[in-house]
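Colleague: I have this one on screen. Please take me through it, starting wherever you like.

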Amino acid sequence: MNLVSGAIAEYVLGHDAVLTRDDGARLYVTGRPGHPDEYLVGAIAPTGFEPDAFRGVHEPDGIPVPHDPFRAAKDIASDLLPRYEKAAAQVQHNATHPRPPAPAPAREPERVVMTWFGDGMLAAKPDSPQAAKALHDNGFVYDPREQAFVLAGDDTALQSQAVRAAGTQLAAHGIGVILRHPPSRPALETTTTPPVQPTKPATRTR
């Protein structure tokens, strides 16, 4: 932080003032803690602008000035005000030339996953009405129990023809198709029984 904001944050200031110029520019003046013969002067941000107008603008740091009003006015005019006016001009430029909004993130392309089960049946779960219609138009039937569109595999030739036709219709809507097999289920845990050790024949003793 610069001298002015640091003094405001660390000390309870006893007296201060705001100086306003005819064009609306404002300066904050307060005594400098620990330096009874000096003041701190900082620029106040102009009002009436959206927060985005201040983005990227380097704030003009405040300065210490002596107790002598003529020397103080000279230091403010030669040091603080040029930096303030430069920053204010950039704020004005940002307000009249706002940055274009950031483009929305690219939407992930829609895909229909068709799962091929062991009995030859295909199950597909569409995410849009267009995908559901394409499946229905090509022989897929909605099964409420599976909550998916299913296609029987009794006739593999007809099934392949229906899948190709559905894929073509889905592609026309920019929807891809993924064919996959269901994930294999993990084997059930079993407890291995150790083999029974053969018993040794009893040895006769005399």
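Modeller: Start with Asp137, which is partly exposed at 40% relative accessibility (buried is under 20% relative accessible area, exposed over 50%, partly exposed in between, with a 1.4 Å probe and protein chains only). This is a predicted model: local features need pLDDT of at least 70, side-chain atom pairs count only at pLDDT 80 or more, and totals for chains, interfaces and linings use all residues. Residues are numbered from 1 along each chain as its sequence is written, and side-chain values use heavy atoms, with hydrogens and water left out.

Colleague: What does the side chain of Asp137 meet in a salt bridge?

Modeller: Lys133, at 2.8 Å from N to O. A salt bridge here is a side-chain nitrogen of Lys or Arg within 4 Å of a carboxyl oxygen of Asp or Glu. Lys133 and Asp137 are four residues apart in helix H3 (residues 129-137), about one helical turn. Lys133 is exposed, at 51% relative accessible area.

Colleague: How many salt bridges does the structure hold?

Modeller: Seven. Among them, Arg55 and Asp52 meet at 2.7 Å, N to O, and Asp52 is partly exposed at 33%. Arg21, Asp23 and Glu85 are linked in a network of salt bridges.

Colleague: And which residue does Arg83 bridge to?

Modeller: Asp79, with the closest N and O atoms 3.2 Å apart. Both lie in helix H2, four residues apart, about one turn of the helix. Arg83 is partly exposed at 30%, and Asp79 is partly exposed at 33%.

Colleague: Where is the kink in H2 centred?

Modeller: On Ile76; the kink in H2 (residues 69-96) is about 40°. The bend is the angle between axes fitted to the seven residues ending at a residue and the seven starting there. Helices are DSSP runs of H or I with at least four residues, strands are E runs of at least two, and both are numbered from the N terminus.

Colleague: Which H2 residues are buried, and what covers them?

Modeller: Ala72, Ile76, Leu80, Leu81, Tyr84, Ala87, Val91 and Asn94 are buried. The cover includes strands S2 (26-32), S3 (35-44) and S4 (63-66).

Colleague: Switching to strands, how do S5 and S9 run?

Modeller: Parallel: five bridges join S5 (residues 111-116) to S9 (residues 176-180). Strands pair if DSSP finds at least two bridges between them. Val113 stands opposite Ile178 in S9. S5 also pairs with S6 (residues 122-124), antiparallel, over three bridges, and Trp116 has Leu122 in S6 as its bridge partner.

Colleague: What is in the turn between S5 and S6?

Modeller: The two form a hairpin with five residues between them, and Gly120 in the turn has a positive phi of about 90°.

Colleague: Last topic, how many aromatic pairs?

Modeller: Two. One of them is Phe49 with Phe54, edge-to-face, 6.3 Å centre to centre and 90° between the planes. Rings of Phe, Tyr and Trp (its six-membered ring) pair with centres within 6.5 Å; planes under 30 degrees apart are stacked, over 60 edge-to-face, the rest tilted. Phe49 is partly exposed at 25%, and Phe54 is partly exposed at 29%.

Definitions and conventions: Contact means heavy atoms within 4.5 Å.
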